[in-house]
Number of protein chains: 2
Amino acid sequence: MSLNRSLLEKNDRLAERNRGFFRAKKLLVLNVVSAPGSGKTTFIRETTVRLSGKLRVGVVVGDLATDNDAAQLRAAGIPVVQITTGTVCHLDAEMVSKAAAQLDLDKLDVLVIENVGNLVCPADYDLGEDLRVVLLSVTEGEDKPLKYPPMFHSANVAVVTKSDLAQAAGFNRKQALTNLKRISHHAEVFELSAKTGDGMKAWTDYLVKRRTETAE
Amino acid sequence: MSLNRSLLEKNDRLAERNRGFFRAKKLLVLNVVSAPGSGKTTFIRETTVRLSGKLRVGVVVGDLATDNDAAQLRAAGIPVVQITTGTVCHLDAEMVSKAAAQLDLDKLDVLVIENVGNLVCPADYDLGEDLRVVLLSVTEGEDKPLKYPPMFHSANVAVVTKSDLAQAAGFNRKQALTNLKRISHHAEVFELSAKTGDGMKAWTDYLVKRRTETAE
């Protein structure tokens with residue numbers, strides 16, 4: 001549909017403007033996507049807490065309704081701006097640009113964008129991020145990369161979350177990693193539990209490294 | 001947007017046509033929606049197996065890609081038709097009409113439509129169902145009804161799934177039921193584990209009762 005194409009082309013241009021702006025600010029920008037309930041907010045909160053003293057993190061949170069996630073992050077002392085999308089199933093570059101302007105970006109090293117919980121719509125919308133991070137929780141089933149290929153294919157990083165529930169959920173780790181490798185060709189893969197902290201160090205070390213590259 | 005409105009109005013008309021057609025066939029029709037990985041396919045398979053000898057169930061399955069779910073249902077001896085949507089994040093009435101025509105509907109009592117795993121897009125699309133059934137797994141968090149109000153508000157039935165994982169996931173049952181009651185005003189609520197069978201009888205008894213009403 002031409003209307004749709006024109007909207008996407010407009011978004012692509014605004015996303016590149018965001019990318020340039022964020023680069024000038026020496027920010028490492030993450031676009032975190034997943035199904036509803038994969039643990040995005042807890043993952044972002046624990047990432048930020050563990051980076052404390054190394055990297056300063058700010059967050060833009062998108063949701064159809066409620067500011068629960070923003071409130072949870074704010075309670076942990078994290079600078080956060082909420083975007084309420086109403087019925088829109090993804091963030092776009094313009095929403096992110098406006099929301100980011102409400103943060104004091106000169107005091108941040110990393111900007112994390114928590115997208116709307118959805119494995120379809122956000123795939124088409126570049127936000128100007130450096131890293132698109134897709135989460136897959138062990139309770140969702142191993143086949144999700146195969147069933148939502150555009151989202152998983154476009155990811156730079158794939159994070160298997162809630163690893164503490166792997167045994168209870170009967171998670172087939174080998175199958176999940178095979179499926180991730182098949183669809184998320186380009187992705188670095190991490191496995192962790194934000195709840196127990198297991199695997200979090202490798203992930204935060206990776207961010208420190210990537211931020212150093214961005215700021216060079 | 002007028003284009004969007006016109007598409008939705010067209011869908012609403014086709015959905016009513018489906019509704020009339022299904023009524024004439026004395027079918028009880030379910031539209032099962034949830035986030036990716038809430039357990040729709042296992043829930044539908046176990047529902048069908050437990051209804052065996054009482055009600056004959058056929059399934060229409062929607063997915064962006066793969067026919068994994070259809071294959072899983074077919075392996076259990078269930079008549080099933082797959083719809084592959086490509087990049088479309090929901091089923092619509094026309095897709096369902098075409099897919100249902102591939103089933104021998106005169107030999108069925110219940111038609112279950114497994115929608116694309118998504119808590120946003122399917123909310124706007126009536127398929128001509130009698131019951132919209134939304135699933136919420138205990139591993140997703142108690143706040144999902146608040147965060148995806150259009151989907152949960154439009155549901156006739158809300159099913160809390162994977163109850164066997166409630167303890168491991170630290171599920172706050174009371175909070176979840178409060179949130180469901182707040183958004184899914186009209187919904188009957190069931191709590192169950194398709195894996196262990198716990199709570200499945202109340203659900204299948206309900207379907208038997210509803211199908212009797214439909215066929216009267």
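Strands β2(A) and β3 (residues 80-84) of chain A pair in the parallel sense over 5 bridges; pairing requires that DSSP finds at least two bridges between two strands. Strands (E, at least two residues) and helices (H or I, at least four) are DSSP runs, numbered from the N terminus. This is a predicted model, in which local features need pLDDT of at least 70 and side-chain atom pairs count only at pLDDT 80 or more, while totals for chains, interfaces and linings use all residues. Residues are numbered from 1 along each chain as its sequence is written, chains are lettered from A in the order in which they are written, and side-chain values use heavy atoms, without hydrogens and water.

**Strand β2 of chain A**
- A:Asp63 stands opposite A:Thr84 in β3(A).
- β2(A) is also joined by 5 bridges to strand β4 (residues 110-114) of chain A, and these two run parallel.
- In β4(A), A:Ile113 stands opposite A:Val60.
- Because 7 of the 7 residues of β2(A) (residues 57-63) are buried, the strand is largely enclosed by the rest of the structure; buried means under 20% relative accessible area, with a 1.4 Å probe and protein chains only.
- A:Val57, A:Val59, A:Val61 and A:Asp63 point one way from β2(A), and A:Gly58, A:Val60 and A:Gly62 point the other way.

**Lining of the largest pocket**
- By class, the lining residues are 31 nonpolar, 8 polar and 8 charged; Ala, Val, Leu, Ile, Met, Phe, Trp, Tyr, Cys and Pro count as nonpolar, Asp, Glu, Lys and Arg as charged, and the others, Gly among them, as polar.
- A pocket is an open set of points on a 1 Å grid over the protein atoms alone, with protein on both sides within 12 Å along at least five of seven lines, and lining residues have an atom within 4 Å of a point.

How values were computed: Buried < 20%, exposed > 50% of the residue type's maximum accessible area, 1.4 Å probe, protein only.
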